[in-house]
Number of protein chains: 2
Amino acid sequence: MSRVRSSLIGSSVPKLDAAKRVIGDARYMDDLTLPRMLHGKILRADRPSARILGIDTSRAEVMEGVRAVITAADIPNHSFGHGRDNTPLKGEVVRCIRDEIAAVAADTPEQAEAACRRIEVKYGDLPPILTTDAARASGARAIHGDHPENVALTYHYDHGEVEQGRRASAHVVESTFHLRYVTHCCLGVSGVVASFDGEGKLTIWSQTQVPFLYRRDLAAIVGLDPRDIRVIQPFIGGAFGSKLDIYPFEPICVHLAQVTRRPVKILFSREEEFVASPTRQPAEIRCSMGCDADGNLTFREADLVLDNGGYTSWGATTPFVMMQTFSSLYRVPHVRFDAEVVYTNNPYAGSFRGYGNLQASFTVESLIDELADRVGMDPLELRLQNAQEQGEVTGQGMVISSCGFRECLEGSTTAARWKEKREEYRQQTGRVRRGIGMASMLHVGGGAKIYRSDGCGSILKLDDFGAVTLITGASEIGQGSETALAMITAEELGVKLEVVRVVNDDSEIRPWDVGVHASRTTFIAGNSARLAARAAREKLLKAAARLVERPEQELTIEDGEVLEQATGKHVMSVPKVIRSLHFQDKSELVVTNAYYEPPSVAQDEKFKGNVSATYAWATQVAEVEVDMDTGIIRVLKISAAHDVGRVINRLGCEGQVEGGIAMGMGYTLSEELLVQEGRVRNPCFRDYKIMTAPDMPEIELILVESLDEEGPFGAKGLGEAPAICTAPAIVNAVKSATGRRFTGLPITPERGAREFMKDAQ
Amino acid sequence: MSRVRSSLIGSSVPKLDAAKRVIGDARYMDDLTLPRMLHGKILRADRPSARILGIDTSRAEVMEGVRAVITAADIPNHSFGHGRDNTPLKGEVVRCIRDEIAAVAADTPEQAEAACRRIEVKYGDLPPILTTDAARASGARAIHGDHPENVALTYHYDHGEVEQGRRASAHVVESTFHLRYVTHCCLGVSGVVASFDGEGKLTIWSQTQVPFLYRRDLAAIVGLDPRDIRVIQPFIGGAFGSKLDIYPFEPICVHLAQVTRRPVKILFSREEEFVASPTRQPAEIRCSMGCDADGNLTFREADLVLDNGGYTSWGATTPFVMMQTFSSLYRVPHVRFDAEVVYTNNPYAGSFRGYGNLQASFTVESLIDELADRVGMDPLELRLQNAQEQGEVTGQGMVISSCGFRECLEGSTTAARWKEKREEYRQQTGRVRRGIGMASMLHVGGGAKIYRSDGCGSILKLDDFGAVTLITGASEIGQGSETALAMITAEELGVKLEVVRVVNDDSEIRPWDVGVHASRTTFIAGNSARLAARAAREKLLKAAARLVERPEQELTIEDGEVLEQATGKHVMSVPKVIRSLHFQDKSELVVTNAYYEPPSVAQDEKFKGNVSATYAWATQVAEVEVDMDTGIIRVLKISAAHDVGRVINRLGCEGQVEGGIAMGMGYTLSEELLVQEGRVRNPCFRDYKIMTAPDMPEIELILVESLDEEGPFGAKGLGEAPAICTAPAIVNAVKSATGRRFTGLPITPERGAREFMKDAQ
């Protein structure tokens with residue numbers, strides 16, 4: 001009798017926390033309250049560059065409900081951040097509009113806010129440095145004394161000999177691309193609650209994506225032993241990388257709690273969220289690329305200048321990811337990449353979904369299309385010809401262990417009816433024109449070993465009734481990891497999904513994990529959960545075999561039942577096996593744990609090495625309609641093919657791709673944080689335009705299953721990918737519709753119309 | 001170089017949660033609130049015996065803020081409890097003053113209370129059965145139809161041949177003892193919060209002492225799968241056994257949450273706590289005992305009648321513990337024990353610290369003194385002569401594996417200057433007389449195998465900074481288990497206490513444990529924690545040995561440092577070892593787990609077998625001053641010697657003993673829940689007198705360390721012991737002062753004066 005076993009893996013499962021979120025049971029930062037809790041507010045500089053000449057808090061201190069007013073002078077104020085160039089409060093110099101000057105804790109948020117307004121600060125304004133050019137001009141004032149050239153970081157990478165590649169080129173294209181500020185627009189604003197217990201141990205309710213690193217870093221800032229910090233992560237309304245760094249409001253909140261000896265909460269207003277939360281790194285990218293007469297890529301050269309703003313966050317390290325795209329998206333024998341991260345008095349960036357790869361892919365994929373034009377090839381053909389295949393090692397040392405690149409290129413274009421549409425839309429005239437364009441991307445798909453360990457721990461507990469608790473190091477930031485990990489656990493154990501609960505919010509209980517970044521959670525935490533589940537499954541099978549006196553190999557577990565492997569005949573229930581272990585003389589529980597460390601390596605000082613256990617590929621094809629008069633670009637359809645290794649939760653994949661495309665479309669067409677004179681001019685959703693449901697096109701999703709050998713059930717990371725190549729796909733489509741190549745984003749109707757008008761003239 | 005290693009074990013450590021409790025951070029049931037939470041109140045019968053003829057809730061339902069009114073007809077109302085004779089709501093018959101007739105959920109507690117008052121119930125009153133005699137009288141109405149004789153439970157135990165023992169006796173004493181109602185007087189009143197999530201899974205914030213059994217039993221009552229119930233235990237203001245049972249308010253709360261689809265909280269008023277929480281089992285005990293001419297005990301016979309009240313809780317099984325004292329406190333070759341647990345319309349009892357042993361020890365130790373009188377021996381001598389020693393097996397099969405009985409007898413009397421005082425106080429006259437008396441006890445000290453497993457699970461997690469989390473199945477109910485378990489873990493691992501945190505409040509996270517009862521936690525959960533810590537220690541030592549290339553045996557761990565065993569020289573810190581495991585190629589965390597099942601057995605149907613892994617012994621000597629006119633008995637000093645195996649937390653032991661003595665003194669001198677006509681007449685602390693600080697005598701504590709082989713570091717259970725033999729010690733002292741033997745408790749001044757007046761006449 002042959003049996004087909006139904007699998008959870010690949011099915012569509014709504015997020016396990018969906019009901020909680022919908023019926024109002026989910027407790028976000030906004031909902032948290034503790035006995036005796038105070039509310040903190042921060043007074044910000046509200047000017048981009050100044051000396052602080054004096055701060056008078058006396059009028060604020062005597063106001064009703066005010067429990068503490070602190071300035072830099074009142075706290076240790078240790079420097080922190082990726083560049084150790086930031087402090088919780090600023091005592092001498094203002095470098096950025098959002099700079100934190102003082103903070104108040106009061107009985108109510110309104111009282112704290114009112115007290116902030118009564119703090120008097122004397123400033124000596126300094127002329128702000130507002131562009132990277134101005135910052136690097138000779139004789140420019142040093143924004144940080146220890147960086148006289150105003151250069152925070154530099155990156156150099158190369159492989160091959162670029163000049164040799166240039167000589168071998170039949171065609172060379174070159175252009176400079178300008179990417180501006182966008183911000184994450186998390187629907188839940190930033191916030192934190194800090195509370196000390198009687199022994200001076202701190203519990204912090206944080207939105208961090210990296211609780212274990214956060215704990216270590218926060219400890220250094222506020223002068224505690226990391227051991228004495230417990231990080232609890234409540235429900236979170238979006239992160240997208242914005243919570244990878246610690247920002248000043250967090251240690252400020254801790255200090256307010258320390259000073260007042262009471263719990264303190266700081267919660268941003270929406271305006272504050274726009275002004276004082278991170279942005280995507282603005283970049284100016286000059287890039288040239290060549291190919292031979294047959295369309296084989298010959299070289300790639302890129303020079304990048306990134307506007308760091310006033311302080312250096314993790315976001316300043318995005319060149320690390322950018323260079324992977326320049327070095328390894330398509331086969332390129334000769335590559336040079338140089339990036340400079342430059343201090344200015346603008347707002348400072350943080351990490352943001354895609355982590356530099358949006359800017360990099362926008363550049364590379366725009367130029368690939370230009371190159372195809374020069375050669376006279378279909379852009380799809382040129383891409384296919386240069387696409388990597390399984391088993392290749394890129395110049396940077398990335399080992400392509402599983403590869404659905406070709407399937408992505410072919411799948412997306414087939415779905416989009418690429419050849420047909422391209423023919424149909426060729427050389428349109430008239431006011432409304434349609435076009436089709438494509439772009440691909442490469443991103444880490446099996447973690448990224450940027451810390452000494454890229455692993456994740458899991459503890460698995462089965463109880464007498466077959467309830468399964470997975471205690472995972474991985475954090476849920478809305479990306480659906482809880483659901484994916486529960487599915488992996490249920491599948492590996494052989495139990496129903498509804499018996500699995502995931503615990504993922506308390507550093508005291510969870511084993512270590514490096515955090516949510518680099519699209520790593522399904523892969524790394526999934527493998528960890530799977531190992532723990534496998535150990536439990538083996539224990540159950542062994543026990544069941546002993547009970548029924550049969551060889552283990554003849555048994556299997558499905559849907560919470562031990563079955564005869566060959567026939568599917570019921571043998572006994574899993575809870576019964578568990579109880580038989582528990583209620584015997586040598587009583588045992590079924591509790592297991594595992595730690596998974598991927599087989600990746602840290603890159604060497606030349607940025608070479610296989611930094612991820614596997615890589616993800618994608619191609620998106622955009623079909624657009626352009627109104628040449630109004631400049632309005634309507635995206636009609638995105639055909640998105642993503643190599644996910646193996647689908648774990650189909651619904652989760654769909655959600656990630658749809659969300660990513662919405663974000664990518666916003667980056668392309670509407671989103672811009674307007675920073676003028678160092679100030680944010682549009683700190684509200686009326687003036688900062690994100691994509692909403694009516695803006696969304698038809699999305700056709702092709703999930704390519706390349707079955708990664710190392711991935712859990714073959715899966716690899718998908719989180720960031722969907723946002724990465726939407727912009728170049730749309731921009732290439734606009735070029736195909738209008739003949740106009742945009743090298744800056746966003747293409748708002750105003751900008752679009754201005755350009756199209758030039759053509760008309 | 002010889003080194004003396006300082007040990008945590010035996011030191012004095014304040015409870016780890018003390019600061020939280022003191023500064024108001026501890027969140028008790030009263031402090032808990034959930035979004036959208038409603039408040040439930042219960043309408044009680046307020047009469048002991050009636051038929052319910054009709055319930056009209058219509059006027060209550062339309063009141064402001066009322067969200068639901070439920071009666072027995074509205075819910076499944078499954079029967080439950082140890083005797084399966086209780087239901088959440090009563091639909092037909094009232095058997096007890098506290099009977100739950102209807103319940104309301106409303107926006108505020110006041111609205112719910114007001115609505116309860118508007119529910120109209122028609123009763124047909126029945127003559128209440130108020131004594132066990134009336135209940136057993138022929139022709140008495142059956143309180144429960146399926147128990148026509150009104151006998152809920154019977155117990156028979158014997159060993160030897162009692163008649164043979166009687167014949168061998170030179171002296172026989174016999175008396176009947178009367179023990180009345182007392183109640184736990186937890187400073188935190190009873191309460192519960194129930195909340196369903198979107199998938200119909202229940203989270204219940206409960207004060208239960210037995211979360212894992214609770215989950216199973218509650219599931220059956222409310223018709224859920226135990227898998228779908230998560231039990232969270234907030235801070236609790238005392239339990240003392242009162243939370244061993246599920247009481248009707250808990251399933252009622254669940255049903256209110258189910259009906260309203262909102263979280264519901266029920267919190268008792270203080271009056272309700274006195275009326276509707278359990279009591280200690282009232283008992284009438286006829287007992288005779290004999291010895292030969294040399295004072296060797298010959299036999300013991302006891303007949304007990306216990307007033308069960310209207311329903312059968314776990315408390316009804318106290319004869320199970322009582323019989324251990326009758327069978328095995330001192331060497332007695334022939335024993336017969338019979339107990340009957342009889343239904344009445346009085347309030348019903350629950351389990352209460354000591355679990356029957358207060359009543360049993362009061363009886364046995366009163367008669368021992370009488371016997372010594374008859375023989376003409378010093379009561380100490382008679383006790384010493386009949387006291388068990390290590391290696392003996394009692395008639396009931398209890399194996400005395402470690403035994404500090406003799407040390408308890410000698411230690412307490414030495415501290416009390418027994419011989420001297422006894423001489424000094426002999427034959428006093430006058431209004432104010434002093435006396436000295438003693439009593440001993442025997443109680444389980446290594447768990448009690450009354451369920452299929454008596455074990456406890458532990459998970460131990462060490463993090464990169466050396467923070468240690470113990471996730472234990474054991475519950476903290478104020479007894480200090482958190483602290484004792486942290487000490488055991490720290491000691492076994494070799495780390496400082498302050499790095500250890502204990503997680504013990506969430507069934508979803510914790511491994512199984514049978515619950516807090518039978519003074520088992522330090523022994524069972526302590527052994528479990530120790531096993532998990534030992535595994536972690538071994539892993540650390542092995543890793544350290546590998547790192548420094550030395551044999552493991554040459555290294556040890558103390559205070560978080562790996563040391564050279566022989567010299568105490570520092571080798572490396574524990575966090576460094578942990579990180580070396582974590583940040584290596586084959587990355588590992590230090591996470592371990594263990595399950596400890598004691599080597600005890602379930603008793604056979606004749607109640608024989610070694611039910612506990614070890615036994616605890618104690619002797620208390622009371623010195624009293626009696627005012628013969630006012631009847632006021634002042635306790636001057638208690639010298640308490642307790643065999644605790646090994647002291648874990650000295651301060652914890654002191655707290656347990658002092659608290660137990662206060663409770664025992666209340667039982668002896670002041671506490672009585674006045675039940676008249678089935679009603680509680682003194683439901684408040686003004687009229688129900690507990691001991692307070694000024695009432696407390698000097699306490700001299702002798703902690704006897706018999707170093708149990710199976711116990712963690714030699715420790716055994718202490719929780720219940722201190723309350724058990726205080727009453728007979730005081731009563732024996734009163735006898736020595738006044739010549740008057742009291743066989744009933746409490747000896748209030750009124751009762752005392754009445755008796756002493758008789759003597760004066």
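The legends below describe close-up views of a predicted model.

**View 1. Domains of chain A and the contact of domain 1 with domain 3.** The domain assignment divides chain A into domain 1 (18-24 + 455-596), domain 2 (32-127 + 189-236 + 243-276) and domain 3 (283-448 + 603-760). Taken over C-alpha atoms, the centres of domain 1 and domain 3 of chain A are separated by 38 Å. In their contact, 16 residues come from domain 1 of chain A and 23 residues from domain 3 of chain A. On the domain 1 side, helix H14 (481-493) and H15 of chain A each supply at least two residues. H15(A) gives the most to this side, with six residues. The residues of the domain 1 side comprise six nonpolar, eight polar and two charged.

**View 2. Crossing of helices H15 and H16 in chain A.** Helix H15 (residues 521-548) of chain A and helix H16 (residues 574-582) of chain A have axes that come within 10 Å and cross at roughly 80°. Angles from 65 to 115 degrees count as roughly perpendicular, so H15(A) is roughly perpendicular to H16(A). From H15(A), the contact holds Leu540(A), Ala543(A), Ala544(A) and Leu547(A); from H16(A), it holds Val574(A), Val577(A), Ser580(A) and Leu581(A). Seven of the contact residues are nonpolar, one is polar and none is charged.

View 3. Strand S21 (residues 561-564) of chain A pairs with S22(A) over three bridges in the antiparallel sense. Met572(A), in S22(A), is the bridge partner of Val562(A).

**View 4. Contact of chain A with chain B.** Chain A and chain B contribute 44 residues and 44 residues, respectively, to the contact. On the chain A side, the elements that give two or more residues are helix H1 (18-23), strand S17 (456-462), strand S18 (468-472), strand S19 (500-503) and strand S23 (590-596) of chain A. H1(A) gives the most to this side, with four residues. The chain A side is made up of 18 nonpolar, 10 polar and 16 charged residues.

Key
Residues numbered from 1 in each chain as written. Chains lettered and ligands numbered in written order. Predicted model: local features only at pLDDT ≥ 70, side-chain atom pairs only at ≥ 80, totals over all residues. Axes fitted to C-alpha atoms, helices over the stretch in contact; angles between N-to-C directions. Parallel < 35°, antiparallel > 145°, perpendicular 65-115°, else oblique. Contact = placed C-beta atoms within 7 Å. Nonpolar A, V, L, I, M, F, W, Y, C, P; charged D, E, K, R; others polar. Domains from an automatic or database assignment. Pairing = 2+ DSSP bridges.
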